[in-house]
Amino acid sequence: MRLMSRSVEPPRVLNIEDLRRAAKRRLPRVVFDYIDGGAEDEWTLRANCRAFEAVTLRPRCAVATPMCDLRTTVLGTSLPMPLILAPVGSCRLMYPRGEEAAARAAGAAGIIYTLSTLSGCRLEDVGAASKGPVWYQLYLVGGRDCALAAIERARNAEFSALVVTIDTAVAGMRERDIRNGAKELLGGKLGAMLPFVNQLVTKPRWLAAFLADGGLMKFENVVIPGKGPMLYADVTAALEQSVVTWDDLTWIREAWKGPVVIKGIHTGEDARRAVDVGASALVVSNHGGRQLDRVAPTLQILPEVAASVGDRIEVMLDGGIRRGSDIVKALCLGARAVMAGRAYAYGLGAAGSAGVARAIEILRTDLVRTLKLLGCASVAELDHSFVDIPQDWIGK
Ligand code: GLV
């Protein structure tokens with residue numbers, strides 16, 4: 001662990017892009033591109049980040065801010081900073097017991113970790129790995145009974161909110177995955193795998209860790225009645241048969257009984273529907289540009305969503321968070337907190353729990369410095385007056 005943490009310390013790793021490069025060095029291309037890539041032309045993936053670049057900051061200088069208060073409250077839980085780890089699938093391919101490693105780092109920082117349905121560690125073990133709050137992200141893969149069983153397990157393991165992702169009617173067209181032979185490598189047939197295995201054998205450190213962790217993960221939280229955990233190769237077909245609709249939200253809410261967060265809101269209209277079905281919070285999200293390409297970047301639609309729901313529901317955002325100043329901009333434009341996926345997945349791929357801890361630390365120290373330079377003493381004071389947004393965003 002000490003060795004791993006040294007590999008992500010300064011001066012080698014100063015920012016999330018450094019963690020990205022470190023992940024690229026350690027991981028086989030097929031795994032790195034799964035994290036790094038998006039759908040089709042990856043236009044939305046890039047646009048999410050460009051939108052943060054397009055918004056500029058308006059500091060108040062000659063203001064002393066000896067202490068900066070990063071605390072916020074999400075769904076009634078007090079958090080030390082407005083950052084939540086987003087659900088990321090297949091973390092066990094990135095690092096041994098990847099979801100537990102990420103949850104441990106989140107818990108140590110006191111922030112929320114969201115476990116994806118498409119995870120390789122049992123949700124009970126992930127809950128136990130974190131000292132902090134944990135949320136469970138739900139897909140209906142495997143059908144309603146399977147989802148109900150996972151909901152029950154999540155409740156017993158003290159997950160405190162259910163995040164329902166609504167933008168995954170089919171898997172997005174991830175061209176990098178196809179070119180890298182993800183399907184062939186995961187299918188387990190030696191002949192089909194052969195043209196692609198070079199990616200794995202050229203990363204012996206990763207390969208040894210992967211094999212020691214039991215090899216190809218199964219989806220331990222998608223337990224098919226009479227069959228056991230869903231096999232990796234079965235997931236794409238299963239996703240297509242498991243579209244979540246607004247009607248499903250009603251039975252999901254009744255089964256869960258606790259707070260429901262709807263993730264995948266792209267418009268003010270859907271934001272109002274999230275209010276109507278009784279969600280407690282929503283996430284303005286385009287799945288990190290991994291689903292429908294060419295949708296608008298999340299930061300750009302955040303003001304529309306925030307205005308359409310007011311304070312009837314808590315609003316969060318994900319997509320493109322790479323700096324603490326990105327978190328500041330999202331808060332200025334109406335988010336209560338942000339979720340970040342890739343930013344910590346790069347850390348996980350680079351160095352396991354130590355890499356995730358480093359990603360959180362980078363964003364936390366960025367946040368403090370940005371607030372001080374802005375002349376703002378707390379995240380609660382951030383509003384539109386601290387940013388300029390592009391002219392053509394106004395009035396949308
Ligand atoms: C899963 O939700 C993914 O984006 O790969």
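**Close-up views of a predicted model**

**View 1. The loop that holds A62.** A62 sits in the loop between β1 (56-57) and β2 (72-74). Strands (E, at least two residues) and helices (H or I, at least four) are DSSP runs, numbered from the N terminus. Residues are numbered from 1 along each chain as its sequence is written. The model is predicted: local features need pLDDT of at least 70, side-chain atom pairs count only at pLDDT 80 or more, and totals for chains, interfaces and linings use all residues. Although A62 is a residue other than glycine, its phi is positive, near 55 degrees. A62 counts as exposed because it has 6 C-beta neighbours inside 10 Å.

View 2. H287 belongs to the loop between β11 (281-284) and α17 (298-309). Its phi is positive, about 60 degrees, and H287 is not a glycine. H287 has 26 C-beta neighbours inside 10 Å and therefore counts as buried. Together with G89, L118 and R290, H287 surrounds the ligand; the criterion is a C-beta atom, placed from the backbone, within 6 Å of the molecule. This shell divides into 1 nonpolar, 2 polar and 1 charged residue. Here Ala, Val, Leu, Ile, Met, Phe, Trp, Tyr, Cys and Pro count as nonpolar, Asp, Glu, Lys and Arg as charged, and the others, Gly among them, as polar.

View 3. Of the 33 residues in α19, 25 are buried. G375 follows α19 and has a positive phi, near 75 degrees.

**View 4. The cis peptide bond at P11.** P10 and P11 are joined by a cis peptide bond with omega of about 5 degrees. P11 is placed in the loop between α1 (2-7) and α2 (16-26).

Technical notes: Buried ≥ 20, exposed ≤ 12 C-beta atoms within 10 Å, placed from the backbone.
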